[in-house]
Amino acid sequence: MKGKLMAHLVASYPNYDSSLAIVEALVRGGATMIEIQFPFSDPTADGPVIQDACRRALDGGFRVDDGFRLVKEAALLAPVFIMSYGNIVFSRGIEDFVAASKDAGALGLIIADLTPGYDGGLYRAGRSAGMEIIPVVVPTVTDKRLEEITSIHPAYIYAAMRVGITGKRTDFGKESIAFLGRLATTGARILAGFGISSGEQVALLGDAAYSPVVGSAFVREIAKGGDYLERITALTAGLVSG
Amino acid sequence: MIVESFFGSFGGRYVPEVLRTPLDELETAFREAMEDETFKNEFARLCKNYIGRPTPLLFAENATEKLGGSRIYIKLEGLANTGAHKINNAIGQALLAKRLGKKRIIAETGAGQHGIATAAVCAKLGLECRVYMGEVDIKRQHPNVFWMELYGAEVVPVGSGSRTLKDAVNEALRDWAGSFPDTHYLLGSALGPSPYPDMVREFQSVIGKETEKQIAGMEVEALVACVGGGSNAIGFFYPFIDKPFPRLIGVEAGGRGSLIGDNACRMDGTGKIGIVQGYKSLFLMDDDGQLQATHSISAGLDYPGIGPQLAGLGKKGRIEFKKASDTEALDALRFFARNEGIIFALESAHAGAEAIKMAHNGDPEKALIVNMSGRGDKDIFISAMALAPRDWILFLKEEMKIYEG
């Protein structure tokens with residue numbers, strides 16, 4: 001049976017029309033959820049591959065409204081989550097951003113640097129608008145912190161499978177599975193990401209999490225240029241079939 | 001309270017989840033250290049014997065006479081070892097890192113002053129050191145790269161974003177997200193996620209505490225300091241922020257004009273409230289929240305954000321913000337060199353420029369205290385090119401001839 005896969009892309013990279021075609025290519029290959037990153041000038045949680053894609057999208061004139069337009073179109077094809085940074089949300093106004101996400105049909109928001117307790121009101125705004133706000137949890141999380149996070153009853157939790165930033169390969173061992181085991185007790189749907197680029201990893205995570213998340217591997221493929229749409233579809237198909 | 005974290009609505013700890021653990025750990029260690037006499041004595045001992053504290057407060061007699069107004073005094077932070085105030089904080093945090101058992105230090109640098117201070121302190125205390133520096137800054141401050149490497153540090157060029165100070169901060173944060181178990185991030189300005197603004201201010205407040213003693217009995221009109229991120233300013237102002245006097249004046253980089261991208265003025269109404277690099281403050285950014293390019297002749301003031309405590313004190317009206325242009329800073333550099341035999345760092349020359357303006361119309365019975373946060377030797381490639389371009393270019397060509405010989 002084919003597993004779930006959340007596939008990530010950077011909005012307006014390499015340009016708006018292509019990013020819509022990329023969503024289609026991902027869904028064609030078997031992606032079951034789409035994570036659309038709204039570029040920010042200073043993406044501190046991202047490695048060089050995604051940083052570069054964000055830079056290029058911004059140089060190409062990306063505006064936050066373009067991001068919502070893309071979400072609206074993508075949401076017709078698959079469930080969509082928006083990923084970005086606090087300043088993008090805050091500058092728009094947290095409630096406005098949540099409302100615009102809802103209007104565009106997004107299912108949830110992953111905002112890397114607005115965490116429970118330091119969220120500037122994001123979780124409250126999400127609750128009142130019926131928008132899922134998805135906290136990130138890391139393997140070094142303490143029990144106390146995990147309790148704080150689960151006390152807000154998130155429907156989804158994004159599990160970063162190692163410390164550090166996006167893009168570097170993660171080696172999965174017993175510890176990774178134990179980490180996912182800890183998270184499973186929370187009752188939330190676990191989205192597991194960071195450093196996942198092979199079918200083997202996806203298969204392994206497919207059993208232990210709600211869905212694996214693959215990001216930099218696709219962005220890297222796009223950066224190589226040429227007929228990347230076909231390659232992305234093939235890569236996605238390979239990932240979901242293990 | 002030593003860790004305030006929020007200053008009015010500014011400050012906070014807005015970081016990716018992974019950085020919570022090291023920041024919590026750092027806050028605890030910092031609180032404990034500041035209660036520990038052994039730690040404080042060690043800091044004081046290194047301040048005295050290694051940095052050369054207390055730094056003098058000089059009466060700028062010739063400058064005062066020439067301007068014919070208020071009496072100008074200069075706090076000579078530039079006489080600190082490595083040439084600027086940056087080393088006060090570097091020593092404090094490096095001692096804290098040792099206390100935490102960290103073996104490795106990472107730091108960002110713009111002009112190179114914080115990088116040099118950190119590299120020197122790591123050599124002194126036996127810590128491994130890596131400094132992130134934007135490619136643009138590496139080009140304009142190459143001599144500082146040489147010094148950092150001489151101290152044994154590894155200097156890593158940052159090619160992302162605008163390739164300047166803010167991008168070096170981003171890269172250091174990324175490194176730390178994966179390396180915190182054995183690494184301390186030695187942030188150089190009074191900004192970033194809590195507890196950095198409190199911690200950097202605390203270690204830099206040695207400047208203000210000395211000044212307070214040195215000006216005892218004087219009638220002081222104002223304290224004047226340049227403001228990039230703001231570490232010298234907040235350290236200098238700190239003992240006075242809860243008092244109504246003297247006036248506290250922060251000077252931002254007016255650059256080459258008032259258009260976005262031509263200066264680094266955040267407190268003149270241009271800065272918008274944002275959450276960037278772990279803290280809420282005023283930033284130069286567009287409507288979407290993307291940070292904007294900045295410009296200053298001094299690499300140390302060329303940064304789009306401002307420390308949260310300064311932003312809070314600005315909003316409250318306790319600190320007044322002014323600006324000095326590239327040209328005014330160069331004029332001040334020349335003025336104090338000719339009249340006082342002192343070469344200001346280009347950053348500090350912005351404070352010097354404001355003091356010149358104020359002294360003109362000032363009360364002769366009152367004193368203006370300028371913080372010369374650094375000395376200007378490091379700027380020779382920029383100052384000489386701006387003030388004596390023909391001779392300087394000739395010199396550079398002659399040098400090249402020798403090597404290409």
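This is a predicted model: local features need pLDDT of at least 70, side-chain atom pairs count only at pLDDT 80 or more; totals for chains, interfaces and linings use all residues.
Contact here means heavy atoms within 4.5 Å, and on that rule the interface I want to start with takes 34 residues from chain B and 36 residues from chain A. Residues are numbered from 1 along each chain as its sequence is written, chains are lettered from A and ligands numbered from 1 in the order in which they are written, and side-chain values use heavy atoms, with hydrogens and water left out.

Let me turn to the area. Chain B and chain A bury about 2,800 Å² between them, with 53% of it on carbon and sulfur atoms, where buried area is the accessible area (1.4 Å probe) that two parts lose on being put together, summed over both. Of the area that chain B buries against chain A, 26% is supplied by E17(B), R174(B) and D288(B), which is more than any other three residues supply.

Between the two chains there are 3 salt bridges, a salt bridge being a side-chain nitrogen of Lys or Arg within 4 Å of a carboxyl oxygen of Asp or Glu. E17(B) makes a salt bridge with R145(A), and the closest N and O atoms of that pair are 2.8 Å apart.

Helices (H or I, at least four residues) and strands (E, at least two) are DSSP runs, numbered from the N terminus. A367(B), I369(B) and N371(B) point one way from β14(B), whereas L368(B), V370(B) and M372(B) point the other way.

Two strands pair if DSSP finds at least two bridges between them, and β4(B), residues 71-76, pairs with β14(B) in the parallel sense over 6 bridges, while β9(B), residues 220-226, runs parallel to β14(B) and is joined to it by 4 bridges. V370(B) is the bridge partner of I74(B), and V224(B) also stands opposite V370(B).

Finally, within chain B, K378(B) forms a salt bridge with E347(B), with the closest N and O atoms 2.9 Å apart. K378(B) lies in the loop between β14 and α14 and E347(B) in helix α13, so the pair ties together parts that are 31 residues apart in sequence, and both residues are buried.

Terms used
Buried means under 20% relative accessible area, exposed over 50%, partly exposed in between (1.4 Å probe, protein chains only).
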